[in-house]
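Here are some notes on the model you sent. Please read them with the structure open beside you.

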Amino acid sequence: MNFVRFFNHLNVVFSFVAQDLIDKFDFLEHLNNEHPNEYHSAQSMIEHKRTLSDRAGTTALLRLLRALEFTYFFLERAVVSQTETAHSKHIAWDVYKQTLHRRHHKAVRMSIWCATATIPKRDNLRQTLLRGQIEPDTDKKCFPKIEQVFRHIYQLYEQNNLLEFVPL
């Protein structure tokens, strides 16, 4: 649940995002407990749900995938990058516009814009998230793994024409 803790560390305004992610993780865990053969991997879940009208599990995972995309790009630019010069709030808004913006209606967009304005400064984020230190080659250790997971699940959704079944 480190993924969820990230949003809790941004500020209290993002606690709604953290709670939404927890709900999705809990839902997927519940499905896995009830149907372990169908939900033991993203691929098995997609294959199982592809022919059903109930796509709640694949919807939850797709929304988590989109949140992971935002988190990945934000962390890469705001926390790990040594060359990025923009303020964390500007980075968050730019990354949001590149990833999730088109999926939200205007009221959510405005809420996110206000929330990004309250994100701590980059040094404070580093201190909170990394306890002040970036382990050497953090980006080379973590980000390829995160990207690999993201790309693999993204490709599963793409191959099964499920990327856009969740309404914008």
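Which residues does S88 touch, not counting residues up to four places away in sequence?

1. The contacts of S88. This is a predicted model, and in it S88 touches F74, I119, P120, K121, R122 and L125, once residues up to four places away in sequence are set aside. S88 also lies 5.6 Å from A78, C-alpha to C-alpha, although 10 residues separate S88 and A78 in sequence.

2. The setting of S88. S88 belongs to helix α5, which covers residues 88–99. Is S88 buried or exposed? Its relative accessibility is 2%, so S88 counts as buried, the cut-off for that word being under 20%.

3. The fold as a whole. The protein has 8 helices and 0 strands. Read from the N terminus on, its elements run α-α-α-α-α-α-α-α. Of the 168 residues in the protein, 39% are buried. Take the contacts between residues at least 6 apart in sequence: 67% of them join residues at least 24 apart.

4. The length of α2. Helix α2 takes in residues 15–34, which is 20 residues.

5. The buried face of α2. The buried residues in α2 are V17, A18, L21, K24, L28 and L31. Seen down the axis of α2, these buried residues fall within an arc of 150 degrees, so they line one face of the helix. As background, an α-helix has 3.6 residues a turn, so residues three or four places apart point the same way.

6. Rolling a probe the size of a water molecule over the atoms shows where empty space is left. In this model the count comes to 1 cavity of 30 Å³ or more. The volume of the largest cavity is about 50 Å³. Which elements give two or more residues to its lining? They are α4 (56–80) and α8 (138–159).

7. The lining of the cavity. L68, E69, Y72, F73, I146, E147, F150 and R151 line the largest cavity. By class, the lining has 5 nonpolar residues, no polar ones and 3 charged ones. Tyr is counted as nonpolar here, and Y72 is one of the lining residues.

Methods:
Residues are numbered from 1 along each chain as its sequence is written. This is a predicted model: local features need pLDDT of at least 70, side-chain atom pairs count only at pLDDT 80 or more; totals for chains, interfaces and linings use all residues. Side-chain values use heavy atoms; hydrogens and water are left out. On a 1 Å grid over the protein atoms alone, a cavity is a set of points where a 1.4 Å probe fits but cannot get out, and a pocket is an open set with protein on both sides within 12 Å along at least five of seven lines; lining residues have an atom within 4 Å of a point. Grid points are joined across faces, edges and corners, and a volume is the space filled by probe spheres set on the points. Helices (H or I, at least four residues) and strands (E, at least two) are DSSP runs, numbered from the N terminus. The expected span of a helix is 1.5 Å times one less than its number of residues. Buried means under 20% relative accessible area, exposed over 50%, partly exposed in between (1.4 Å probe, protein chains only). The arc is that of the directions from the helix axis to the C-beta atoms. Contact means heavy atoms within 4.5 Å.
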